[in-house]
Amino acid sequence: MYGRKVKLRFFFIILVLITLILSVFLVLKSLEENVVYFKSPSDIKTLSETNKNKIRVGGMVKKNSISIKEKKLNFIITDFENEINVSYSGAVPNLFSEGKGVVAEGYLKDKSFFLATKILAKHDENYMPPEVKAALEEK
Amino acid sequence: MRTKIFPISLIIIVSVIFVIFYKGLQNSNVYEPQIGNQKNIPVFIAKAFETEEIFKSEDIFEGDKFYLMNIWSSWCAPCRDEHKFLLNLSNQKNLKIIGLNYKDKKKNATNFLNELNNPYDFIFNDTDGTIAIEWGAYGVPESFLLHKNKIVKKIIGPIDQNSLLEIKELIQ
Amino acid sequence: MASLIGYYSLNIGFSISFLIIFFSIKNLTKSKLDNKIIFSVFFQFFFVSLSFLGLVQSFISSDFSNETVFNHSHTTVPTFYKISGAWGNHEGSLLLWLLVLTLFIFLFLLRSNDQPKKYRILTLLFQQIIIVGFFVFLIKTSSPFNYIFPIPNEGLGLNPILQDPALAIHPPILYLGYVGSSIIFSSALAAVVTNYISSSWAKHIKKWILTSWIFLTLGILLGSIWAYYELGWGGFWFWDPVENVSLMPWLALITLLHCTLVLEKKQILTSWVVILSIATFTLSMCGTFLVRSGILNSVHTFANDPERGLYILIFLFILVFLSIFIFLFFYKSEKTTINSLFWLSKETSILINNWFMMYFLSVVLIGTTYPIFLEVLSSEKISVGPPFYNKLIIPFLVPFLLAMAIGPKLKWIKSDLENKLSLILFLIISLLLSTFIIRNLDINFLINTILVTSAFYLFLITLKDFFSKKFKNLSQNLAHFSFSLLILSILFNNFLSTEIITNLKINETYENDSLKINFEGIEQRDEQNFKAIIGKFVVEHNGGQTDIMQPELRIYNQPNIITSEADIKTTLYKDKFMTMNSVQNQEYFNIRYQVKPFMIWIWLSTFLISLSGLIGFFKKRYEN
């Protein structure tokens, strides 16, 4: 039969292959579970059903739409075609203001109400998140 | 056999990654100034200078008329030099002058216009300079003569006597 | 004037490149290294430094006829930040890259006298290819010396977020790490061509690996500290693409370091070493591409320009293809194969941990680039969040930590575990310790106990070795010890952090079971280029202890941006952290108060890790 060396080598290759396949499988599976999709308010209007996954919504904060209570911050994200109401309790980034771009991460309650768990800030006042810009440009 | 499969597959994989990155670069939402003569003008959404309301560029640039889109700023010295030519042009009946106030402060810009008079029919705000980039502007001042959503002429730098005459000729 | 000098020196430096290439090719067949080469390399470095100083001087004197200065500076910016503004932008930072590139190749030539001549020349040639690439990139697409006419009398200002001491020195240090890997790349290619992958090469290149690894570690640490107090999220790592991009070369470097140790001792794993050397620099370049081209959505924003992105991409792939071809044509595989490894030996344990590190690296790489792939293939826009990384990395930390503890105990070639009893004893102690601690916390028991056990295990074993081994292998032991300290601090920081977020008006009070926050008022202060609004909060804990927290809002005048400065009270056990944000047109302020245990230990242990690298750098050779 085969020598000890060949056997060992064979065993080694199998081991490497198995680990490789396993890790690829693992990575793909958790990618599928942990990916956050980006939608604009218009995308949400055209959704056939609202599912429970975490998503990001981006657009402009509508003028005069920010209102604040002790626990909750409410505002409206618009892409100049459609709008969505957002309710949020948590820390607000500095660059969050009316008429500026915003990305909110959280869960859809229904097609016009979004419960945000995080509002994303950017370092630059000139900066509009690329997704938001793209979403606005498609109009 | 085995020794050949490895390098070939390696090269194929690397090439695929290259292509994907290249494609990704193309739809990567960055500001791409693609403007030359005779192309449709880039559309944009911006605040009006005085009222701060948000306007779409389509609402301002209507089809048949001639427009002069002028990029200016209060801190830019040559903008002062070209101002008298803009005032001259504002008397033309078939030409509307649209300003794009580039990276400016409202207070300074208002002072500038009060001091030198306002030749503009409408002014957009471009606080962060992105619209100017989309229009492919090289700097301030810069002017675009528009007709039917096309750029007829582009004037880089301040308008002078020659370009003034040229504009007048073109809009006849 | 300074700008003009900078411009011309940059072009002179570029032309010297061709001189160097010409000299080197002529010198290839000669037996001795021509002094002309060393001189021209020095002059190239000199002119690039001059060019860089020219840019810095233009920034200091606020010369707004220079476009870069105009875009990124302002007369009211403090001088320190005017200087740091020179590399806080795309153009200037590339010039800094180039400066480090030329500096490192000059140092390399000085420090490699004992190496074969042909190898040195080839390294220089490969390095010059990279340098020429960067020169062309800089001069063609992002010249820092563009002239504006008419000269504006005021600049557009420096992004206030960048006006911070940690972030001022963060880029140069990080670049020393990134660019240091270019030397490793060039010399690995040169060593492959000259068939010089040997233990003497390993010994020589190890210093360069350590150098760039130390700087990269410090660079990441600084960036992380900055994110902690400036971004106001109270975290230190967000799995943001930009952070990932610096973590990937770090992982590759540390893997490479371990491989060279094996290579130095045993003449095996040569292909690993070569591939990793190539990968490290490729990953650094890839990072530059991802960040600068705007292809990824990240918190760092450099001026995005597709032309630049395309240029880096093409350059990157030229380098990748070049190295693949060199590897395939010139690389001669080692005679001793993997079969000669005995399962219980130091090299096997290093190899196993390298596999783990490669796995971590792939996870980060996939998480970072997956959004690009998906967008191209299906035009869906997505982002990959922290849960992805946590889920894939944390479970594998357990065997990784255990191997880190046991591996150094093994001998080269073939070994038997000595002191089995004490090893098992330590395992039991750490198991008991962590069970005891975790039981008193309200968290998932099983996974956390296993995790904490393995971290404690490494911690105790390395701690014991400090005493029993009497500073033999100090750098290795310190590095592993600090790593366990880092993991432990991160874990307990995660378990024990508490956070309160609320909106308060002046004179309002927030109250819960354990504390009371009273918003007493705000005051204003004027600084050189910003106004500060300082909030005064009294935090009363149930135990009767009170803290006064004074978070700040800074309103910068040019550009007009608001930033918030956290107020952080640091002790050895915990940080108390408060930020305050204003909400537009509202009288409420958004308050975030956090208690974060062991924050300082996270910084300290990372610092110790880089310190251990420094010790290793000055040590004569790897012992044992």
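Analyst: The account below concerns chain C, and ends with brief remarks on chains A and B.

This is a predicted model, in which local features need pLDDT of at least 70 and side-chain atom pairs count only at pLDDT 80 or more, while totals for chains, interfaces and linings use all residues. Residues are numbered from 1 along each chain as its sequence is written, and chains are lettered from A and ligands numbered from 1 in the order in which they are written.

The domain assignment of chain C gives domain 1 (1-161) and domain 2 (498-600); such bounds come from an automatic or database domain assignment. The C-alpha centres of these two domains of chain C are 43 Å apart. Their contact draws eight residues from domain 1 of chain C and 10 residues from domain 2 of chain C, where two residues are in contact if their C-beta atoms, placed from the backbone, lie within 7 Å. On the side of domain 1 of chain C that touches domain 2 of chain C, five residues are nonpolar, three are polar and none is charged. Here Ala, Val, Leu, Ile, Met, Phe, Trp, Tyr, Cys and Pro count as nonpolar, Asp, Glu, Lys and Arg as charged, and the others, Gly among them, as polar.

Two helices of chain C may be considered next. Helices (H or I, at least four residues) and strands (E, at least two) are DSSP runs, numbered from the N terminus. Helix α5 of chain C covers residues 90-111, 22 residues in total, and reaches 31 Å from its first C-alpha to its last, close to the 32 Å expected at 1.5 Å a residue. The expected span of a helix is 1.5 Å times one less than its number of residues. Because 17 of its 22 residues are buried, α5(C) is largely enclosed by the rest of the structure. A residue is buried if 20 or more other C-beta atoms lie within 10 Å of its own, exposed if 12 or fewer, and partly exposed in between, with C-beta atoms placed from the backbone.

The strands of chain C include an open sheet of four, in the order β2-β11-β10-β9 (chain C), with antiparallel pairing. Two strands pair if DSSP finds at least two bridges between them. The edges of this sheet are β2 (498-504) and β9 (567-570) of chain C, each of which pairs on one side only. Neighbouring strands of the sheet are turned by 10° against each other on average, direction ignored; the axes are lines fitted to C-alpha atoms, for helices over the stretch in contact, and angles run from 0 to 180 degrees between N-to-C directions. Seven bridges join β2(C) to strand β11 (residues 589-597) of chain C in the antiparallel sense. Within this pairing, C:I500 has C:Y593 of β11(C) as its bridge partner.

A further antiparallel pair consists of strand β5 (residues 530-541) and strand β6 (residues 546-549) of chain C, over four bridges. C:F537 is bridged to C:M549 in β6(C). The two strands β5(C) and β6(C) form a hairpin with four residues between them, and C:G544 in the turn has a positive phi of about 100°.

C:I602 is found in helix α17 (residues 599-618) of chain C. With 24 other C-beta atoms within 10 Å, C:I602 is buried. Neighbours within four places in sequence aside, C:I602 is in contact with C:F236, C:L486, C:S489, C:I490 and C:N493. C:S62 lies in the loop between α2 (35-60) and α3 (67-72) of chain C, and has a positive phi of about 45° although it is not a glycine. C:S62 is partly exposed, with 19 other C-beta atoms within 10 Å.

The other chains can be described more briefly. Chain A has three helices and seven strands, and 37% of its 139 residues are buried. Chain B has six helices and seven strands, and 34% of its 172 residues count as buried.
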